[in-house]
Amino acid sequence: MGKAYTGIDIGTGQVKLVVCEPNGSIRHAAVCPVPDQLVREGRIVSPEAMSDFLRDAAREHKIKVRDCAVILPAALAFTRRLSVPLMTEEQLKLNLPYEFRDFITQEKDKYVYDYAVVGRLKDEAGQDSGLDLMAAAALKSTISGYTAMMRRAGFKLRIAAPAEFAYANLLRRYEAAHPSEGPGEYCIIDLGHSATRIHIFTGGRFEVTKVIDCGCALLDRVIADALHVDQHIAATYKSMNHNDVQSLEGCRSIYHTIAVEIMRAVNFYSFTNPDSRLANAYYCGGGARIPLLLEDIAATIGLGLHSMELLMPDAGQNVEHLLLCPAAVGMTQQ
């Protein structure tokens, strides 16, 4: 039997904490605004201050599960889809560092490597000939830093991986629960604060991530300029749609820019993968609360657009936070 975990996703604008039961269902979810400038471009500026923040957030929301599974930001970890010849676990450990030689900037021994087998390759006779892997690499100093930060916050770091692994966990779990639907292709659109991220998977197998440097923070600036208010107040107005600020012309322009960039990413993937039958996209993130943005995306990208809730485990009474924290949930689904 598994164990309960607290999934933690530290973003630029919010920290998401989710407690998941051993069976994978969601017991509790909390979303907390990040103090100004504590996270910049995915990097935590002060681990000590973040520890204090996480500890206080856990107390406030009565989160008592100390074993945690943490999302590593893209700035601190590399993710690759690999095909390797059939080999043992020990051989994989020896070979993985060489698969990242074009990405890592320091000596390979300074990194920690991990992988998940997502499939087996077959030869013409139908015999196993290789392994299809999702692999990740991060500096050992990054892992030790996160371990210490979580320990100061009262947690025990058990799992740490990039968001792509979390989404793959969710998709494998979903397909196991819906075997009649068969393996599918999925486009996950994370409408984040500082950026929009498009992740494409075949079943639970990661294909590609595209990052668009255009996120919901741009809306705060537009609203602040239009109403002559502070950006923090603008962010509140945006989330509440105070006086219909989400309909401002400047906001509509940003919605369309995001939608067009998503369309370009999807079209490029389809062009470079002519056998693809990608038909559906699933949205999450803070932008999922902006109907006009979702309408523009649905009208532009050429895919069916659905809530990420459809791919997630049972959440009980936590539905209001589901679209903000799928990665935190997925990280606990081991």
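1. Basis. Numbering starts from 1 along each chain as its sequence is written. Because the model is predicted, local features need pLDDT of at least 70 and side-chain atom pairs count only at pLDDT 80 or more, whereas totals for chains, interfaces and linings use all residues; side-chain values use heavy atoms, with hydrogens and water left out.

2. Overall build. The protein chain has 10 helices and 15 strands, where helices (H or I, at least four residues) and strands (E, at least two) are DSSP runs numbered from the N terminus. Its radius of gyration is 20 Å, close to the 20 Å that the globule rule gives for 334 residues, so the chain is as compact as a globular protein of that length. That radius is taken over C-alpha atoms, and the rule is 2.2 Å times the number of residues to the power 0.38. The C-alpha trace spans about 65 × 50 × 40 Å along its principal axes.

3. Of the 334 residues, 50% count as buried; buried means under 20% relative accessible area, exposed over 50%, and partly exposed in between (1.4 Å probe, protein chains only). Among contacts (heavy atoms within 4.5 Å) with a separation of 6 or more, 63% come from residues 24 or more positions apart. The accessible surface comes to about 16500 Å², and 49% of this belongs to carbon and sulfur atoms. Areas follow the Shrake-Rupley method with a 1.4 Å probe; for residues, only the protein chains shown count as cover.

4. Second largest pocket. Its volume is about 410 Å³. Of the 22 lining residues, Asp114, Ile159, Ala160, Ala161 and Phe165 are the closest to the centre. Two or more lining residues come from each of strand S8 (111-122), strand S9 (128-139), strand S10 (156-162) and helix H4 (163-177). S10 gives the most, with 6 residues. The lining divides into 17 nonpolar, 2 polar and 3 charged residues; Ala, Val, Leu, Ile, Met, Phe, Trp, Tyr, Cys and Pro count as nonpolar, Asp, Glu, Lys and Arg as charged, and the others, Gly among them, as polar.

5. Pocket terms. On a 1 Å grid over the protein atoms alone, a pocket is an open set of points where a 1.4 Å probe fits, with protein on both sides within 12 Å along at least five of seven lines; lining residues have an atom within 4 Å of a point. Points are joined across faces, edges and corners, and a volume is the space filled by probe spheres set on them.

6. Positive phi. Most residues other than glycine have a negative phi. His228, not a glycine, has a positive phi of about 60°. It lies in the loop between helix H5 (217-227) and helix H6 (231-240) and counts as exposed at 72% relative accessibility. Asn243 also has a positive phi, about 50°. Asn243 sits in the loop between H6 and helix H7 (249-272) and is exposed at 68%.

7. Ser247. This residue is found in the loop between H6 and H7. Leaving aside neighbours within four places in sequence, Ser247 is in contact with Arg252 and Leu292. The C-alpha atoms of Ser247 and Leu293, 46 residues apart along the chain, are separated by 9.8 Å.

8. Phe155. In the loop between helix H3 (140-152) and S10, Phe155 counts as buried at 2% relative accessibility. Not counting residues up to four places away in sequence, Phe155 touches Thr6, Ile8, Leu17, Leu54, Ala58, Ile63, Val65, Arg66, Cys68 and Met150. Its C-alpha atom is separated by 46 Å from that of Gly126, 29 residues apart along the chain.
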